[in-house]
Amino acid sequence: MKFKLILLFLITSVLLKAQVGSININVFDDFSKKPLNSSVKTVGTAGETYTGEGNVLISGIPSGTYTFEISSDGFVPIFLTDINVVPNQNLTFSVGLTKSATEIQEVTITKKTYKTTAESPLSLRNITSEEVQKNAGSNRDVSKAILSFPGVGSTATFRNDLFIRGGSSSENKFYIDGIEVPVINHFQTQGASGGPRGIITVDFIRDVDFYSGAFPAKRNGVLSSLFEFNLKAARKDKIGYKAVLGLDDMQLMADGPLSKDQSWSGLFSVRKSNLQLLFKAIGLPFLPSYYDGTFKVSKKFKSGNELYFLGMGAIDSFKFNLDAEPTLSNLTLIDRLPVSPQWNYTVGAGYRHLVENGNWLFTWSRNMLDNQAIKYYRNIETTGNLLYDYKSQESENKVRADRSFSLADYQFSAGANVNFGRYSNNSTSKNVTQNAVNYDEVDSELNVLQYGLYLQTAKKFVDNRLQLSAGMRLDASDYSEHTNNPLEQFSPRFSLSYKLTDQFAFNFNSGIYYQLPVYTALGYTENGNLTNNNSLKYIRNSHLVGGVEFNGNNNLRLTLEGYYKKYKNYPFSLRNQISLANVGGDFGVVGSEPLDSRGSGETYGVELLAQKRTVNDFYGIAAYTFGFSKFSNSLGDLLPSSWDSRHILTLTAGKYFKRNWNIGARFRMQSGLPETPYDLQRSALVNIWNIANGPVQNYSLLNSTRGNLAHQLDLRAEKKWIFKKWQLTAYIDVVNAYGSKSPSALPVVNLQRDAQDNGIIANPGAPQNEQYYVLETGEADRSTPLPYFGFIFEF
């Protein structure tokens, strides 16, 4: 017995000994990108201060979660929060500091925990990779973690359809290290941006800048939100590995140096879905499956210049679960959902060149989406039952040049971009719209050139308490005479930030933003001709945003913002007589139909945010939004849009406990969204149902009813075991823990069937065009709790 105790003690000692890691923090001027002499201090401990020229190395640091303060003379100090030090690993972070025109004694009073910029002093939220991973209900997906912030609405619990401040999901843009990535979700809705699962590897993200307004002039085509994903630097000591074995997917990652001098480094990831196993186990009627991969390879030159290559792609497939419980909801989903394989990729390269007065950034990228969907009536695969066979591709080649420089006390950024786009669509479709049954044959080949340029400047006044920024963009496209004049897309913007005290600030922004309609709308053809070429224009959105901000002790931040957005030239469906601003929150395709640009709209509201980054092992976010979203109908009257959620309340909190436990929760409540009722009398007609394959909506009553109050509780717990050379994390993430009521109040509608499973016709003796089915209606099933759990191995 004594021998066993001694052996256990020795084994434990070996496992726990030397549970240390190291950190490299690259510190640079955020504007010029040049390295800085800097110091790093661990917050909350009596540890020593580390210094370095451009790079600060902290070695032999015990495993755990830390916050670091980074400072440099003449610059505003900032914090790196929730940094997880892993045994036997070298972590690398890059931190940009902004210049302070005040004395250092004053600078130390206003350390930055939360990010703002001169052009975006408000409506900008920054979220780190660690904050995403510990966010309850997000399951390591950035799009779901963003739901903790104000102004962000969503649809179904299993999808990433984000409507920001009342705008549709097609109005969001995404960039990774300066390269635009149009597709960030698996099974993404073409013509929008939502999907059931994100593609981006959260472990490779340093942080995300999420803009819901005050968009910088260098980004084109942004109407509602902008996501800037900043990838982390690879570790410098050796190749490290990380594996995730989860109920929903399996993922293998590697990062580290690729050359002996460590000037080349790389990040690599591959992932395989297990969702089909999870969905089958919990009885869902559809079984999605996917693969994805991500890489970034970087070369850092001694001069400070950097060359990098990055790419990401995904392959998605889909099948039905015919063994699912035959509830009315499940049978209806199987009847209506198509088989929809999809693949996409984005590859790009960037070169940052430091010069005496700033820097240049040159980027090139190519992205492509292949989207298919096929559906047969009642899934019986015969020629006569074919409802639609959709095949479409989008590809783009983009070149961008950005220059940052300063003149006297003014900071400038300027640049230009060119986008060569190609769209093809070879499809046949039977569909039912408001007043007709349509048989569409689309054979489209479209090439579109887009280009733009911008200029933005900023300066401080009034003893540096007042900061002003002004900018402009010009954009154009050769699509038609309505889009080829850049002066018609002149996009000015102005920002103001005034520090009332060291803790209080008043912020303001106004701007006009433009977006070219989606390729599915631009490339729609009838009889070989571009149907929408003479009617579509750039969508225009005018913003007005103002608010106050308070930054208190212990990482507390309070913000109150009001916003007003006015839309013009929104694509409008001629068949259904509705604005496309009302669609895009489900699987399928948006925009492939006859359209014009008569649509208009407005959204406005108030947002309140209280945020506390980790202090004393506690973190939390409370967010509330009161808002309106209205878009025009066929008469030009503004009606509540599909995203008119009057109230959104989100409470997110978590705590680190001893023995490396972390437990978090998120409660979210959202007013019922407007819904358009079904026309059951028309839907029951045999000639209508056999094509629509389900009930059709009555768009003359657009959004005249409301869905159910949506609410859900998400829970997350994780436990880490730290060993000498590796770390193990076990986690469980439960989405919608108590299985709340379906957000939709519309009935589930299907056919009453006979013993042969055929629909029962109420009047079989009537003429064919008068026959109608006997319908069965019921309530939607409750939303299913989704439990995700798994293990993370880090070496």
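F210 and F227 are both buried, a word used here for under 20% relative accessible area, with exposed meaning over 50% and partly exposed in between (1.4 Å probe, protein chains only). They belong to a predicted model, in which local features need pLDDT of at least 70, side-chain atom pairs count only at pLDDT 80 or more, and totals for chains, interfaces and linings use all residues. Residues are numbered from 1 along each chain as its sequence is written, and side-chain values use heavy atoms, leaving out hydrogens and water.

Let us look at the rings themselves. The structure holds 22 aromatic pairs; rings of Phe, Tyr and Trp (its six-membered ring) pair if their centres lie within 6.5 Å, and planes under 30 degrees apart count as stacked, over 60 as edge-to-face and the rest as tilted. For F210 and F227, the centres are 5.0 Å apart and the planes meet at 35°, so this pair is tilted. F210 lies in strand β15 (residues 205–211) and F227 in strand β16 (residues 225–231), so the pair ties together parts that are 17 residues apart in sequence. Strands here are DSSP runs (E, at least two residues), numbered from the N terminus. Ring pairs also link F210 and F227 with F174 and F229 into a cluster.

Now turn to W360 and F362, whose pair is stacked, at 5.4 Å centre to centre with 5° between the planes. W360 is partly exposed at 31% relative accessibility, and F362 is partly exposed at 38%.

Finally, some rings have a charge over them, meaning that NZ of Lys or CZ of Arg is within 6 Å of the ring centre and within 35 degrees of the ring normal. K296 lies over the face of Y308, 4.9 Å from the ring centre, while the charged end of K655 sits over the ring of F657, 5.7 Å from its centre.

How values were computed. Helices (H or I, at least four residues) and strands (E, at least two) are DSSP runs, numbered from the N terminus.
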